[in-house]
Amino acid sequence: MIDFLNLKKINEQYEVALLPAIQRVLASGWYILGEEVDAFESEYATYCEAKYCVGVANGLDALHLGLLALGVGAGDEVIVPSNTYIATWLAVSQCGATPVPVEPNEATYNIDPARIEAAITPRTKAILPVHLYGQPADLDPILAIARKHGLKVLEDGAQAHGARYKGKRIGAHGDMVAWSFYPGKNLGALGDGGAITTDDAELADRIRELRNYGSRVKYVNEVRGFNSRLDSLQAAILRVKLQHLDIANQVRRAIASQYLTGLAGIGVTIPYVPDWAEPVWHLFVIRSKSREQLQAHLNQAGIGSLIHYPIPPHLQGAYADLEFSKGAFPIAERLAGEVLSLPISPVHTEVEIDTVITVLHDFK
Ligand SMILES: *Cc1c(COP(=O)(O)O)cnc(C)c1O
């Protein structure tokens, strides 16, 4: 059996460091925000090459509060990828705004900057690129379009902890980056968690206010805020795991290059990495016209695989009111029918990945 993802095995690697961190929080008597969260925020900001980090309850909240801080509200439009996890779209909807999908570049699977301008209207307020599968989106042209049209840029970094765009870490290229620390992410907590990073002190302050009932001073509520705070326990756990993130990403990189070499020329599409991108391989996604048979073949050999994602947001019941028909975003729809994610994680061994490659070679 080769699991797609074994979180128990991943977290057990850090048990010796995690237990004292958990005990420290237990003994502190302080369980929400506080010193652990302050320390994590400062360490994660440094890691991301950003000036500020603000911890929140989860990745969806990070996106939602980020958009609110940028002034997105009812009647506004936000440009989103047609090819993403639905959270990206839901955050826009939670602001009362409308997600406006733009198709991906078919080589990188990330939003195609060349298609963005055609989607801009007088109501467009922001662009929300996603660094999908851990591969940075092409930010420079996106930022240039945003500047030209007076738009804000919030990046969805939920799959890209540690990735670099043109040598600089994802963290503050655009106005803000939203992060998720869902257990399965490259930097995962033992529960829910999220954060915003930014170089803008005022935006960071606004998030601090929004996450805590709209309050900067206890019992003084300047705006109608939310309860979206990061737990001290999760912060303490994330501080331990952050110290090992680069090594974990290095293992993912080694597995990715093993796949890229081993799967060349066998009739599946393997990921393309532009020379300006340093991906962190949250997922290793191949494409095949016979995806279902290929997945069944892997399954028979005891190899786990998943589909990210089988139904694009515009065809979900949740967005039926936007009245997109089948065929509205053909690239996203084609990807949904062909993508397959292979096992890749810091605890997969070279031998296991070789087995996956051999089994894929045997597929007829
Ligand atoms: C995981 C994820 C989110 C949401 O994060 P949660 O912490 O689960 O709310 C948002 N966007 C993308 C691309 C994700 O992969």
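Predicted model: local features only at pLDDT ≥ 70, side-chain atom pairs only at ≥ 80, totals over all residues.
Which element gives the largest share of the lining of the second largest pocket? Residues are numbered from 1 along each chain as its sequence is written, and side-chain values use heavy atoms, with hydrogens and water left out.

Let me start with the ligand. There are 13 residues around the ligand, and those that come nearest are Gly 59, Asp 156, Gln 159, Ser 180 and Lys 185, where near means that a heavy atom of the residue lies within 4 Å of the molecule. By type, this shell divides into 7 nonpolar, 4 polar and 2 charged residues; here Ala, Val, Leu, Ile, Met, Phe, Trp, Tyr, Cys and Pro count as nonpolar, Asp, Glu, Lys and Arg as charged, and the others, Gly among them, as polar. Helix α4, residues 59-69, supplies the largest share of the shell, 3 residues; helices (H or I, at least four residues) and strands (E, at least two) are DSSP runs numbered from the N terminus.

Turning to individual atoms, a polar backbone atom of Gly 59 is 2.8 Å from an oxygen atom of the ligand, and a backbone N or O atom of Leu 60 also lies 2.8 Å from a ligand oxygen. From a side chain, a polar atom of Gln 159 lies 2.8 Å from an oxygen atom of the ligand. Taken alone the ligand exposes 380 Å², and the protein buries 90% of that, by the Shrake-Rupley method with a 1.4 Å probe.

The ligand sits in the largest pocket, in the sense that more than half of its atoms lie within 2 Å of the pocket's grid points. A pocket is an open set of points on a 1 Å grid over the protein atoms alone, where a 1.4 Å probe fits, with protein on both sides within 12 Å along at least five of seven lines, and lining residues have an atom within 4 Å of a point. This pocket has a volume of about 600 Å³, volume being the space filled by probe spheres set on the points. Its lining has 30 residues, of which Tyr 85, Gln 159, Tyr 182, Lys 185 and Tyr 309 are the closest to its centre.

The second largest pocket holds about 480 Å³ of space. Of its 18 lining residues, the closest to its centre are Leu 33, Asn 212, Ser 215, Lys 218 and Arg 229. To answer my opening question, α7 gives the largest share of this lining, 4 residues, and the lining divides into 6 nonpolar, 4 polar and 8 charged residues.

Finally, a word on the backbone. The peptide bond from His 308 to Tyr 309 is cis, with omega near 10 degrees.

Definitions and conventions: Polar contact = N/O pair within 3.5 Å; in protein donor to acceptor, adjacent residues only side chain to side chain.
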